[in-house]
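Please read the notes below with the sequence and the model side by side. They go from the sheets to the side chains and then to the pocket.

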Amino acid sequence: MELTDSSPALATLRGALADGVENWKPRVQELAREIHDLQEISFEEVRSAEAAAALLAEGGFEVERGTGGLPTAFTASAGSGDLTVALCVEYDALPDIGHACGHNLIAGASVAAALALQPYVDELGITLKAIGTPAEEHGGGKVLMLEQGAFDGVGLALMVHPVQDGLTYNPAGTSAQAVGRYKATFTGKAAHAAAAPHLGVNAADAAVLSQVAIGLLRQQIPADHRIACFVAEAGHVTNIIPERAVVQFECRAFTLPEYDALHQRVRRCFEGAALATGTTLAIEAAEPLYEPLLQDDALAAHWTDAMEAFGKDISRSSGLSGGSTDMGNISQVIPSLHPWLSIPGADVPIHSHAFAALADTPEAYGVMFEAATALAWTVAAAASTPAQRERFITAAYRRRTFTQEGTS
C-alpha cells in the first residue's frame, strides 16, 4: 500500500497514530518531567534510562539493557519486518546546568512515537527499535554504539532536537558541525616561585600563550568555524612554578576537510606555546569525533508535511550556525532525520539555565507531542512508499569487519 498526501489510507493511519500518542500522553509527560528533574549527566543516566526502558516495556516492547556494553544504553524492539527503523532516545543532561539542551523532550518525543507505532509494526512491515543512546553531550554514546553493532541492520534513524523559538520546522538543508574535543597537556619544571623562579619551566605560561594564539587565530578562520577552550589545570599554589597545565579544547566545522584544516591550525597554537616556553606538549583526543549531520530528503519531506498539518513554519532554512551531535555519525552511514523542534516563547540560547527551565513547561511538552506524532507519521509514510521502502532496506547499515583474510 502506498500512502500519498491525499490517500484515505494515510488519513486513517495518521488518525490512529495521533490517537496513540494522545493515549500515552500522561505517562510520557511524566517520563519527560522525571528525566528533567533527574539531570543525570553523560554515562550516569541510570534512572533516566531505566524509566524510559520500563515505559517501553509496558507498551509491548522487548527490552535489552546495556546495549553495546554501555550500562545506560538500551534497545526496545517490536515487530519483525524487513525494514528496521530506529528512534533514538536521548536523556543525558549538561553538568551543573541540567536539561538546557532539552534531552528530556527528545526522549519523550521518541518514546511517544514508538508507543504509538507499536500496534502497527506488523501492518507496516517494520522492525521498530527505540534505542536509548546515552552521552550525547559528552562522550559520543551513538558513536560507541554504532561501533559495537547497536545500529546493525537499521535502514532509517530518526529523532528530534529542541531549539529556540522562531526557527523553521523544515529540516531540509540544515546540518550540524563536526566537532573534535581534545586535552592538551604542557609539562614544565617546578621551582620555588620566589627563591629560584629562573630554575623552573612554567607550564601555566604555555597555557596562557596557547589561548592568546587561538584568540588571534579566530580573526583568520571562516565565520562558521568554531574554537572553544578552557584551562582545566594550571598550578595549585602561588609559591610553586606550575610544572603541569592542561587545556581542554574543541574545533568545529561543517565539513570534515574544513574541520581537519582547522584542527591542524589550532594544534600549531599549542605547539608554538610549548616551543616558546620550553615545555613539552602532549595532545590526546578526549572524546570520539562527531561527524557532520546529513538530513535525508525523503524523510525531511514527510516530516515537513506532518508539521504543516500542525500549522508550523515549513519555509526553507538557510541552515544552522552552530552545534554538533553524535547523530551526525549515524547520518553518515544510515538515512537519518534530525529536525529542529522550536519551543514557543523560547527566546534564550540553548545551554543556558533559562532554556533548561523552558524545557519543563506546558509549551515545551505541547510541541514534544506534536513532534512525536510527526515522527510516527514520517515512519509510517516512509515504510508505506514502495520506492522509499526499498531504498531504506537496501541502505540498512552493515559494519565493516576485519578478518585475517581481509575486509568483509
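1. Before the elements are named, a word on how they are found: helices (H or I, at least four residues) and strands (E, at least two) are DSSP runs, numbered from the N terminus. Residues are numbered from 1 along each chain as its sequence is written. The model is predicted, so that local features need pLDDT of at least 70 and side-chain atom pairs pLDDT 80 or more, while totals for chains, interfaces and linings use all residues, and side-chain values use heavy atoms, with hydrogens and water left out.

2. Contact here means heavy atoms within 4.5 Å, and axes are lines fitted to C-alpha atoms, for helices over the stretch in contact, with angles from 0 to 180 degrees between N-to-C directions.

3. A second open sheet, of 4 strands, has the order β8-β9-β7-β10 and antiparallel pairing. Because β8 (226-234) and β10 (280-285) stand at the edges with a single partner strand each, one side of each is left without a neighbour in the sheet. Strand β7 (residues 178-187) pairs with β9 over 10 bridges, and E250 in β9 is the bridge partner of R181.

4. Two helices lie across strands of this second sheet: α6 (residues 203-217) across β7, β8 and β9, at about 170° to β8, and α7 (residues 256-277) across β7, β8, β9 and β10, at about 160° to β9.

5. Which residue lies over the face of Y290? The residue is R181, at 5.6 Å from the ring centre; such a charge counts if NZ of Lys or CZ of Arg is within 6 Å of the ring centre and within 35 degrees of the ring normal.

6. The lining of the largest pocket draws at least two residues from each of β6 (161-163) and β9 (244-253).

How values were computed
Two strands pair if DSSP finds at least two bridges between them.
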